[in-house]
Protein chains: 2
Amino acid sequence: MTRVLILGGGGMVGQKLAARLVHEGLGGGPAPQTILFDVGFPPAGVEGPEQMTGDLGDPATAGRLAALRPDVIFHLAAIVSGESETNFEKGWAINMMSMWHLLEALRHEHNASGGSYVPKLIFTSSIAVFGAPYPEKIGDEFLSAPQTSYGAQKAICELMVTDFSRKGFVDGMSLRLPTICVRPGKANLAASSFFSGIIREPLNGIEAILPVPDTVRHWHASPRSAAGFLVHAAGLDTARLEGRRALSLPGVSCTVAEQIEALRRAAGQNAVDLIRQAPDEAIMKIVQGWPRDFDPQRAVALGFRAESSFDEIVDVYIKEDLPNATV
Amino acid sequence: MTRVLILGGGGMVGQKLAARLVHEGLGGGPAPQTILFDVGFPPAGVEGPEQMTGDLGDPATAGRLAALRPDVIFHLAAIVSGESETNFEKGWAINMMSMWHLLEALRHEHNASGGSYVPKLIFTSSIAVFGAPYPEKIGDEFLSAPQTSYGAQKAICELMVTDFSRKGFVDGMSLRLPTICVRPGKANLAASSFFSGIIREPLNGIEAILPVPDTVRHWHASPRSAAGFLVHAAGLDTARLEGRRALSLPGVSCTVAEQIEALRRAAGQNAVDLIRQAPDEAIMKIVQGWPRDFDPQRAVALGFRAESSFDEIVDVYIKEDLPNATV
């Protein structure tokens, strides 16, 4: 039976992915044996998978995880962008150094197995690996020039995953997720948190804070698409990547004003009236440097699919998450 | 007095740079106090600078070096491309992890100084951060998709230097040197060593090995240009880099056949007759993935200058290094 390990399995995307594996299986097969690793888990989490708690910042953790010899590892664990900016040491320790320790531990298992153990490693990178100034649409050959520590750490992990894969120790790839929207649950410390908040809070009848002008354009995909990207990547023949194992994924490019129009179409003016403008210089400064639009030809050619409008993204939240909302 | 530390100061480019600092000073000022750090030094090295030996792979070394509080650090130390490919652990330890330890030690000194200590850090990266397929000329916004461990390690160091600089702990930049040619002295373990060998050995009357077809096109600059790049970078106001602190530098794009023609013009057919074709699959495989030509507009606009023909590059060797050649 396929053994799957999800690092960051207690987080929002980790839980969506775990639920998908439980209900839909992996690669046309039955539900895999799934182990979730995280610092903690939500009280009413997905049922079925085994839960493991621990600290990725501890180098010994990597050895413990690699010794499980998972067939597929989804690496979603991270200190988010806002916190990586304010806590420099923690961001580098968790977002960069723990990836190094994990890759080294997996290389050790590979060598100990006589070379037969080569796990699939799907790493969630981010569009934060890019930095302004941008072309109108960011193409697949545009440079990584991150302007946050989070983006730098993600870009470094991409390079490590690619080189360890080139050497045959793992079979990895990095997925540069769009900003995931609409996130269910509470706001988090990510500078991008408001992109979800301005849709989620009004749909739940409470006030939302908008810290940036509504002309800000950004790149989005739903949590359902995020889980879909990850499962699709796990089934992909990485030879098709021809050595370029970091991919920008499809998404929806729209302005905050267009997000708000989609909310209006879905829930009316009363919902929109719950959005309160409260400019925040720190968040504006971070978001200003973020990508606005992509032309992700390689990912599309490889079969990755997202929503085609922000209305669809709102609809995913209303169908999947609003019924059980605990905002 | 300005204090300069050269990591890799015992190497070829380190010695060229040290000689330049001794004879020409730095930034229009007098010769700085210069400290060379390396695993060892050539017996007849540059006179004047202090020599320090040690192992960059030892994390304690970084603290020892940072405690010197140099005003300018030139980081030229590396395991070369060929050896990084065959000795995976050593390459990552010296080319990546030692940069991490150095940056952390410099951040510690910065904090201990109350924020007043912000050293200039000039890191020699490499065009090996790029990987095929390429456009005809690689522009300043082309992605880093290295196809060697050496290239991955250099690309990672670039990202670290940029982020530690953005945070104000150091004032760094990364220079993607062309292949330095004609290197004086003995062949080294770099896969690129033959690019120098086929000029240097014939000029010294001995046989040279050419392991690749003469149609191979590559990107070159002289050791004199390399020292010039480094000194120019040390004097540059890094605000002009606008956050993109890794630069591809100017050079000369030519084929091996064109190199050989330049040798013929400088030293005649007898010299050319000393080149022996001996195809080497391993070297061909590495070199095949290397860049052939660049359009380094940013570096040119910032005042970086190289030779404009391979004849000039041959001439630099004949004037500067051939008189004292010990091949």
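Biologist: Is the crossing of H8(A) and H11(A) right-handed or left-handed?

Modeller: Happy to start there, with a reminder that this is a predicted model, where local features need pLDDT of at least 70, side-chain atom pairs count only at pLDDT 80 or more, and totals for chains, interfaces and linings use all residues. Residues are numbered from 1 along each chain as its sequence is written, and chains are lettered from A and ligands numbered from 1 in the order in which they are written. A crossing is left-handed if the near helix is turned anticlockwise from the far one by less than a right angle, and right-handed if clockwise. For H8(A) and H11(A), the crossing is right-handed.

Biologist: Thanks! How do H8(A) and H11(A) lie to each other: oblique or roughly parallel?

Modeller: The axes (lines fitted to C-alpha atoms over the stretch in contact, with angles from 0 to 180 degrees between N-to-C directions) come within 9 Å and cross at roughly 55°. Under 35 degrees counts as roughly parallel, over 145 as roughly antiparallel, 65 to 115 as roughly perpendicular and the rest as oblique. H8(A) is therefore, relative to H11(A), oblique.

Biologist: Which residue just after H4(A) takes a positive phi?

Modeller: Good one to look at next. The phi there is about 75°, and the residue is A:Gly114.

Methods
Helix = DSSP H or I, 4+ residues; strand = E, 2+ residues; numbered from the N terminus.
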